[in-house]
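Student: I have a structure open and would like to learn how to read its features one at a time. Could you walk me through a few?

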Amino acid sequence: MQQDTTYGTEVLIAGAGPTGLVLAIELARRGVRHRIVERSERGFPGSRGTGLQPRTLELFDDLGVIDAVLRDSVVIPLMQKWEGRQRMGTWQLSMPAADSPTVPYRDARMLPQWRTVELLCARLEELGGRIDFGTELTGFTQDADGVTATLTGPGGAPETVRAGWLVAADGGRSSIRKALGVPFTGETLMDGHSLVADVLLDGPDRPLLDREHWHMWSNMQGALVGLRPLEGTDAVQVVTGFRGTGDEPVEGRDTTPEALTRLICERTQLDLTVREVRWASVFRLRSAMADRFREGRVLLAGDAAHVHPPTGGQGLNTSVQDAYNLGWKLAALLRGAPEALLDSYDAERRRVAADVLALSAKVLRADLSEREAGMSTRGEDTHQLKLGYPGSALSRELRRAVPEGALRAGDRAPDAPCTDPSGAPVRLFDVFRGPHFTLLDVTGAAAALPEAPWLRTCRVGDGPEAGLRDAEGVVKSAYGSGYFLVRPDGYVALATDDVADVTAYAREWLGAAGAAA
């Protein structure tokens, strides 16, 4: 399909949650003309997606927000079990990743979603972008060359926008997905509803809720309640579940300060009073995924493409990784790459979403079997560091002899400590950071490396031409030998013994831009 890049808006994004914002940042730093609209008057107000996995922290490192995220977030605190007013034992909810120089962020962290949104908004503004708040996409049509969308802004007057592509990042109840008629297949994973709310608490027992713990009460009937002081605020997150026993909550009626005060006091036996409810949501633990993530010129991302139960902390993380995968591909397509590159978004991310949905359901089943504790320990499988695209058409493993268990095309490209020729410390993630591909030469040879505007090359070794010294041997241990072409989203696209394969790969997948290599 011939790309028309004459539109003022090349990509229109509906929804300014974490997914839409990460995509907008990705497009902004590549110079793609985009517009992001959000129907609410301000950013998401609640704490909902609080867990940030190690792979997402690597994404935030690349996007330039990691320092702020680490400053404002905390490592997941110890779980404090209570029986009534008595403290019982503690346990660790999330185990850290193995201690390795290839993994810079070992611990999952917690940050209220509203704060994550604020930090991403600030980064988008630094890059010259902005969000049109109070603006809703109320209709659209598409043809072979683009999308015509109707936007309704704060004043109520409709506006018509022509864009090359439309990305639906408008949540689990996506109006765009429904308008496309894309099936959303899934299941309810547990009878009854769950409730989450951000509240201000008073009362004689408020000092008992220290910030060093996530406080948890539960019983064999499933009347669980968790209270966690939120980072950067005086608010406390309330999480509780109902097992279809006739006491199901109704949003509005049962999320008032009075109703939540009664519920918390009954289930904890603490003397607490809800002074203010800042945000609340009632929902079912549901798992669902769209049958396809692309329909013509419209792409689905984040909750519009898949919804997860909160168990395992996978939803927000999987959603922002959608945008991380999609952003560089859309930009490349708009600059001459073949449409097959964009087709890989659906193929890669639907498989990952299916795997993560299965994992979330597995964690939920483990939680239900741990009724005395209420939540089971999460292992390294929740960190998303082992997710990759080994079966993707974009992943080319061309080396002749690859040891069992070695890094292969499609895997996450590991980090490693190095030094530059002056002896200054440099990490591979410092080299990867940015919107470019990276070619690592770990052969020890002196073959000429390709040059192109989209490519950064780096020879690792001890010779005079080496740009990085592998003093600790971590690169050699993690990568083995060969030429490794690393995608902008940090996965190995090509592993080969012949540097000429890099140019051939670029011409196939990047089109006109790749031909410049």
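Student: Is G391 buried or exposed?

Tutor: Buried means under 20% relative accessible area, exposed over 50%, partly exposed in between (1.4 Å probe, protein chains only). G391 has a relative accessible area of 72%, so this residue is exposed. This is a predicted model, where local features need pLDDT of at least 70, side-chain atom pairs count only at pLDDT 80 or more, and totals for chains, interfaces and linings use all residues. Residues are numbered from 1 along each chain as its sequence is written, and side-chain values use heavy atoms, with hydrogens and water left out.

Student: Why does H215 count as buried?

Tutor: H215 has 0% relative accessibility, and therefore falls in the buried class.

Student: With which side chain does the side chain of H215 make a polar contact?

Tutor: A polar contact is a pair of N or O atoms within 3.5 Å; within protein, one must be able to donate a hydrogen and the other to accept it, and residues adjacent in sequence count only if both atoms are side-chain atoms. Here the partner of H215 is the side chain of W82, at 3.1 Å.

Student: How many aromatic pairs are there?

Tutor: Rings of Phe, Tyr and Trp (its six-membered ring) pair if their centres lie within 6.5 Å; planes under 30 degrees apart count as stacked, over 60 as edge-to-face and the rest as tilted. The count is eight. One of them, F44 with W279, is edge-to-face, at 5.5 Å centre to centre and 70° between the planes. Both F44 and W279 are buried. The W82 and W217 rings are stacked, because their centres are 5.2 Å apart and their planes at 20°.
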